[in-house]
Amino acid sequence: STTATPIDKLNDLSKISYPLCMRTLHEALCTNSHLRNSGRMQYGLFLKGIGVTLEDALRFWRDAFSKKADGVAFEKKYAYSVKHYFGKEGKQTNYTPYGCQKIISSSVGPGEYHGCPFRHMDRDSLCQKLTSCGVFASNMTEILDLAKDGQYHLACAKYFEVMHNKPASKPLLHPNAYFVESRAILT
Ligand code: SF4
């Protein structure tokens, strides 16, 4: 989407229009006031893709990190990388948001929240996460079983269906495509 997304909407959007990978990152960031580098890249590029401007992205990350890093520390440690993946520093490479394939194949260590929850979370953690998102009963079993069978996209599609009370109109192979489809249904 090329429409600007205001950052004061991200809490709401994370609950209704984010795929579970990005919702997980958003919630981990809010809980911990921190994300490791791989999580910042995966989530930051998604935000860029949904139309968060560079100025808003800097403000968003500074506020999100403010319990762990003051303004000076943020400028020193993190601001450059945000500008960098927006293409405003360094080689001005135009980084594009990660697709599912890249996210699913990433390696995720302890204390990290990037990756695809259907691939990277163990069954208990995934069950807990889905419960906190309002997924129950037969839908839960179906999603957990799809994830266990390595059908990550189908698990994600079922999550979409549960969150929107209707299935997506096409297979969604990119978190940003998930978001665009959700906004098309909800707005
Ligand atoms: Fe995110 Fe793709 Fe996994 Fe869905 S299948 S949670 S969009 S990485």
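Buried residues make up 33% of the 187 residues in the protein. A residue counts as buried if 20 or more other C-beta atoms, placed from the backbone, lie within 10 Å of its own. This is a predicted model, where local features need pLDDT of at least 70 and side-chain atom pairs count only at pLDDT 80 or more, while totals for chains, interfaces and linings use all residues. Residues are numbered from 1 along each chain as its sequence is written.

**View 1. The fold has eleven helices and zero strands.** Helices (H or I, at least four residues) and strands (E, at least two) are DSSP runs, numbered from the N terminus. The C-alpha trace spans about 50 × 35 × 30 Å along its principal axes.

**View 2. The ligand has a shell of 14 residues.** P19, C21, C100, C116 and C156 are the closest. Two or more shell residues come from each of helix 2 (20–32), helix 6 (100–104), helix 7 (117–120), helix 10 (152–164) and helix 11 (175–186).

**View 3. The shell around the ligand has 13 nonpolar residues.** One residue is polar, and none is charged. Ala, Val, Leu, Ile, Met, Phe, Trp, Tyr, Cys and Pro count as nonpolar, Asp, Glu, Lys and Arg as charged, and the others, Gly among them, as polar.

Terms used: Buried ≥ 20, exposed ≤ 12 C-beta atoms within 10 Å, placed from the backbone. Near = placed C-beta within 6 Å.
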